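The entries follow in the order in which I looked.

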Amino acid sequence: MQFHHQGYVSGDPRVQPAAGVGLDRPEELPDQVDVLIVGTGPAGMITAAQLSQFPDVTTRIVERRPGRLAIGQADGIQARSVETFQAFGFAQRITEEAYRITEMAFWKPDPEDPSRIVRTARPEDDPAGVSEFPHLIVNQARVLDYFAEFMKNSPTRMEPDYGYEFTGLEVDDDAEYPVTVTLTRTAGEDIGAERTVRAKYVVGSDGARSRVRQSIGCTLAGDQANHAWGVMDILAVTDFPDIRLKCAIQSGNGGSILLIPREGGHLFRMYVDLGEVDPENHGAVRDTSIDEIIAKANAILSPYTLDVRNVAWHSVYEVGHRLTDRFDDVLPEDRGRRTPRIFITGDACHTHSAKAGQGMNVSMQDGFNIGWKLGHVLEGRSPEALLATYSAERQVVAQNLIDFDKQWSTLMAKKPEEFEDPSELEEFYVRTQEFPSGFMTQYSPSMLVAEAEHQDLASGFTVGKRFKSAPVVRVCDAVPMHLGHHATADGRWRIYVFADQAEAGSASAVADLAAWIGSAADSPFSGLPEGVAPDDWFDLKVVYQQKHSQVDLGGVPVEFKPPMGPFGLTDYEKVYAADPKEDIFESRGIARSGAIVVVRPDQYVADVLPLTATTELGRFFAGVRGIDQPVSSASRHAAVPTPPQ
């Protein structure tokens, strides 16, 4: 964490100085905003948290509840989400209070006595080490609390506006604020009163029954599995030995349980199989009482018993898989002719079962994706065309999620005798771990993702997939750390320069690249608006191959040591060296001739290039910024070397 660059900070350094709209933020919801977010679920809150880092963008988030969420229904936090929390500054704190999944136990009928269950497998949760971050269980309400804290401490001092329910909207493309939203007060002295807010953009994060989705003519299409589950968060006394492990339990009577221990050491969740649903009478299963759910759980657990002492929350639901045909208000025939004004995220555009632990996780990536894009467009960093990439990118992810969840929920609902292979369920769990962990997402080429022409220069940083961090050593203070952990959710593009074998201060491709970045007309750093420093929009870092003690910090190009704050202090925290214990060049397949890795503000790899490919680098960012690109003589004659075999 960096602070003191604007003067001595005696208080909490997580509280950023107020700036822009945060200097005089009105307490009451204003009549005009840049972005209006509807719904304070995970998708809405991460969108708001990301936009809170853009001081000149007026963002408000409304919620029909009168206050914060007390008990959330979602609880599974995949490793990709914890990576994201790191960018928002609370990964360590939420990990400390969460339940951490390290193994999963599988229980099945005892072959010698099918009326009893026995443990058959206990695989690791992440044997391949797809992330340095853990798989967690923590109440959704706490996730929202952390995002709310981040927003409040941001330059914009953002807070949710509670007690407002979305009731409709109208769009006038010719107006400065094209979207007029009607809201109804659900709390306070003026309950029932209507008011309107005009916005440039609206994000609907208002759940599976989304009114924002309805207002733009989208519908959820899909199917019901006609299989019901009772879910309960309980405190209980039991002799079941794996009560503090995640478990998939299949009994001889055909019922099954997915057991999820919760944070705090005592609470746990059970998804209890209630069997097939009569398609002509869905209401019957929805009336299943908590006592019936508990009795069913005891029958499945035999010979073990469950003595429930307290029920924190319970519900009955049927598995459904639904997806909208688009995630914004642009009809298919209008693609390319107009840009979207209204977006939907999370459950508003995709629904599925809860047992794969994906709902909150995928929803947050929806919000992370659209948040920075709105900020860039509204601040003039990118053209409006950028916004069309949201639906194009996230709809594919949602479809993949639904396809996966159909497989997992179908397997969970099977009776033991229906499996061709008794180990099919646990083998599927182990084989597909990278998907539910959140690491299979790969965005296709677009204005934000280049063609992977030079992927062999950094095979471990797959173009279109998330930037998989690795250990390095910071040169200035010899601190070992993960390279990706220094990337905060500040809306900046990351440009990682992995140096060739030349030493800092000597003639090298890195020195030439730095000189081009700092002075060329077609550099991403050129032509920035008045008052905007390159470090405001771009985070440029270098990683040398030598040991940190052999890197001459004085010989590192000044472009990697930019001035910070009103005093022009030197930022020394952008210069790294390979960690001898785990050389990033080896672990991520980076060529010894060096490479440039470009990473989006939402942590996805946008391009991999040779150190000399200045033309390609300049052209890529010219496209991102929507500007005509001048070509310098240095770029015009830059050669692209063949990587070593």
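**Entry 1: what I am looking at.** I noted that this is a predicted model, in which local features need pLDDT of at least 70 and side-chain atom pairs count only at pLDDT 80 or more, while totals for chains, interfaces and linings use all residues. Residues are numbered from 1 along each chain as its sequence is written, and side-chain values use heavy atoms, with hydrogens and water left out.

**Entry 2: cavities.** Rolling a probe the size of a water molecule over the atoms shows where empty space is left. Grid points are joined across faces, edges and corners, and a volume is the space filled by probe spheres set on the points. How many cavities of 30 Å³ or more does a search of the whole structure find? I found 2 of them.

The largest cavity holds about 160 Å³ of space. I counted 17 residues in its lining, and those nearest the centre are Phe 467, Gly 484, His 485, Ala 487 and Gln 603. Two elements, α2 (79–87) and β21 (493–498), each give two or more residues to this lining, and α2 supplies the largest share with 3 residues. Here helices (H or I, at least four residues) and strands (E, at least two) are DSSP runs, numbered from the N terminus. By class, the lining has 7 nonpolar, 6 polar and 4 charged residues; Ala, Val, Leu, Ile, Met, Phe, Trp, Tyr, Cys and Pro count as nonpolar, Asp, Glu, Lys and Arg as charged, and the others, Gly among them, as polar.

The second largest cavity holds about 60 Å³ of space. Its lining includes His 376, Trp 493, Trp 537 and Phe 621, and helix α14 (residues 614–625) gives the most to it, with 3 residues. I listed 5 nonpolar, 2 polar and 2 charged residues there.

Entry 3: Two packed helices are described by the angle between their axes and the distance between the axes. The axes are lines fitted to C-alpha atoms, for helices over the stretch in contact, and angles run from 0 to 180 degrees between N-to-C directions. Helix α1 (residues 42–51) and helix α4 (residues 140–152) have axes that come within 9 Å and cross at roughly 15°. The two are therefore roughly parallel to each other, since angles under 35 degrees count as roughly parallel, over 145 as roughly antiparallel, 65 to 115 as roughly perpendicular and the rest as oblique. Their crossing is left-handed, a term for a near helix turned anticlockwise from the far one by less than a right angle, with right-handed used if it is clockwise. Contact means heavy atoms within 4.5 Å, and among the residues that meet are Met 45 and Ile 46 in α1 and Leu 144 and Phe 147 in α4. The residues of this contact divide into 10 nonpolar, 1 polar and no charged.

I then turned to α1 and helix α8 (residues 359–378), which pack at about 30° with their axes 7 Å apart. These helices are therefore roughly parallel too, and α1 passes α8 in a right-handed crossing. The contact of α1 with α8 has 10 nonpolar, 6 polar and no charged residues.

**Entry 4: α2 beside α8.** The axes of α2 and α8 lie 9 Å apart at an angle of about 40°, and that makes α2 oblique to α8. The crossing is left-handed. Arg 80, Ser 81, Thr 84 and Phe 85 in α2 meet Asn 361, Met 364, Gln 365 and Phe 368 in α8, and by class these are 3 nonpolar, 4 polar and 1 charged.

**Entry 5: two backbone details.** Where does Pro 303 lie? I placed Pro 303 in the loop between α7 (290–301) and β16 (306–323), and a cis peptide bond with omega of about 20° joins Ser 302 to Pro 303. Arg 157, in the loop between α4 and β8 (161–162), has phi near 55°, a positive value in a residue other than glycine.

Terms used:
On a 1 Å grid over the protein atoms alone, a cavity is a set of points where a 1.4 Å probe fits but cannot get out, and a pocket is an open set with protein on both sides within 12 Å along at least five of seven lines; lining residues have an atom within 4 Å of a point.
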